Amino acid sequence: MSKVKKGVLLINLGTPDSPAVPDVKRYLIEFLMDGRVIDIPAWRRTLLVKGIIVPFRAPNSAKLYREIWDSQTGSPLLHYSKVQRQLLQQQLGADYHVELAMRYQNPSIPKALANLKRLNVDSIRIVPLFPQYASATTGSVIEKITEEIRDWPTFPALSVANHFYDNELMVEVFVENAKKHRPETYDHFLFSYHGLPVRQLLDVDGSGKHVCDQAGCRERIDGLNKFCYVAQCYATTRLIAGRLDLKTDDYTVCFQSRLGKTPWIQPYTSDVLKEAAAKGKKRLLVFSPAFVADCLETIYEIGTEYATEFKELGGEKVQLVESLNDHPKWIAALEQLARGELSGWPKSESLTL
Ligand SMILES: C=CC1=C(C)c2cc3[nH]c(cc4nc(cc5[nH]c(cc1n2)c(C)c5CCC(=O)O)C(CCC(=O)O)=C4C)c(C)c3C=C
Ligand SMILES: [Fe+2]
Ligand SMILES: [Fe+2]
């Protein structure tokens, strides 16, 4: 009889099995055919994804993935996710069994759930590795898991860490990583989050009519906008900026990785870079706090693409603040999330974080 009683399931977004075009195509199709990612009627999504986006995007995406692929460890996102799983398992000890899965591709959610079922665990703590809640990420993970387990005869106790935008240890790691780059030597700071189509925020408060600028999502987080991705991104930013004694004029929150022509959350990182260059800013320190591990969107998009663009505009340097990766305080934060403990930050309905 197994000693293991408590299951933990860490889930990140996913990455191709290799940077070869067929693997990148398979990954992009699974990812973009998710109705929470491209939230349009299924027939239009099929035409758009399989007929246009994937055939045109896959060869270029594969090229970018080849640039970040490590010859020993492969995809940085998968590599750090595996390290995080292993370190968390060590930290939690033999009473726990920690599985890792990716929402898209491998290691797969069905396999991880089958392992937990086989172990007959008492409980499963689901930890989607997205600090800020979005329907396209955490929402999609929850939907997929509930679909996968719907026929289980017995459900262990289930719980989800559905956001951790205000986790104190996570904030400390971003602050520590920034300090290694001597923030006083930079003339502006960007907090660049992964973007989302604006329409995906309309129902974050159940009204179907949520508008961030009316709900004050850039200024405060409260009982009404608590599930809004934008409100959570700005709250994370205020916590990191506060710890670094940055004034509001010292930094800009922005959103990257836009796909398609519909409006996404603004301001776009590429526009903010242009404005910073036009104002004569030379050295930018860039945080990417929507990710818990370095990946294509941090290493390539910020570290290479935006850095090159900024230099072409007359800037001198774009420095990415490293992600949480294998930092011991991040593993301690994961332990809190896995045990179901609060992040440690005082919370109240009307608190302006
Ligand atoms: C905060 C996390 C993420 C959100 C929110 C998110 C939304 C989102 N993404 C796309 C389209 C793409 N994203 C791609 C890569 C990618 N996205 C995230 C995280 C979030 N995405 C990560 C961690 C990664 C990198 C994975 C890696 O292997 O390193 C890609 C693929 C790369 C490319 O071709 O550019 C696409 C496409 C949409 C449409 C969306 C919201 C609706
Ligand atoms: Fe993405
Ligand atoms: Fe909002």
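1. By class, the shell around ligand 1 holds 14 nonpolar, six polar and two charged residues. The classes work like this: Ala, Val, Leu, Ile, Met, Phe, Trp, Tyr, Cys and Pro are nonpolar, Asp, Glu, Lys and Arg are charged, and the others, Gly among them, are polar. Of the 22 residues around ligand 1, Thr15, Ser61, Ala290, Cys295 and Leu296 come nearest; a residue is near a molecule or strand if its C-beta atom, placed from the backbone, lies within 6 Å of it.

2. Before going on, some housekeeping. This is a predicted model, where local features need pLDDT of at least 70 and side-chain atom pairs count only at pLDDT 80 or more, while totals for chains, interfaces and linings use all residues. Residues are numbered from 1 along each chain as its sequence is written, and chains are lettered from A and ligands numbered from 1 in the order in which they are written.

3. Helices (H or I, at least four residues) and strands (E, at least two) are DSSP runs, numbered from the N terminus. The shell also takes at least three residues from each of domain 1 (6-160) and domain 2 (168-325). Those bounds come from an automatic or database domain assignment.

4. Now the domains themselves. The C-alpha centres of domain 1 and domain 2 are 24 Å apart. Across the boundary, 16 residues of domain 1 are in contact with 18 residues of domain 2, contact being C-beta atoms, placed from the backbone, within 7 Å. On the domain 1 side, α2, α3 and α5 each supply at least two of the residues that touch domain 2. By class, that side of domain 1 has eleven nonpolar, three polar and two charged residues.

5. Four strands make an open sheet in the order β2-β1-β3-β4, with parallel pairing; strands pair if DSSP finds at least two bridges between them. β2 (96-104) and β4 (157-160) sit at the edges with a single partner strand each, so one side of each is left without a neighbour in the sheet. From one strand to the next, the twist averages 20 degrees. Axes here are lines fitted to C-alpha atoms, for helices over the stretch in contact, and angles run from 0 to 180 degrees between N-to-C directions.

6. A closer look at that sheet: strand β3 (residues 123-128) pairs with β4 in the parallel sense over four bridges, and Ser123 stands opposite Ala157 in β4. Helix α3 (residues 76-92) lies across β1 (6-14) and β2, running at about 160 degrees to β2.

7. There is another open sheet of four strands, ordered β6-β5-β7-β8 and again parallel in its pairing. Here β6 and β8 (317-320) are the edge strands, each with a single partner strand, so one side of each is left without a neighbour in the sheet. The twist averages 30 degrees from one strand to the next. β5 and strand β7 (residues 283-287) run parallel and are joined by four bridges; Phe191 stands opposite Phe287 in β7. Helix α10 lies across β5, β6, β7 and β8, at about 170 degrees to β8.

8. What does UniProt list for "binding site"? Its unreviewed entry gives His194 and Glu297. UniProt positions are in the numbering used here, feature names are shortened, and annotations may be inferred rather than shown by experiment. The two are spread over 104 residues of sequence yet cluster in space, with a largest C-alpha distance of 8.1 Å. His194 is in strand β5 (residues 188-194).

9. Most residues other than glycine have a negative phi, and most peptide bonds are trans. A cis peptide bond joins Asn106 and Pro107, with omega about -5 degrees; Pro107 is in the loop between β2 and α4 (109-118). Another cis peptide bond links Gln266 and Pro267, with omega about 0 degrees, and Pro267 lies in the loop between β6 (251-256) and α9 (269-278). Asp245, a residue other than glycine, has a positive phi near 55 degrees; Asp245 is in the loop between α8 (229-243) and β6.

Technical notes
Contact = placed C-beta atoms within 7 Å.
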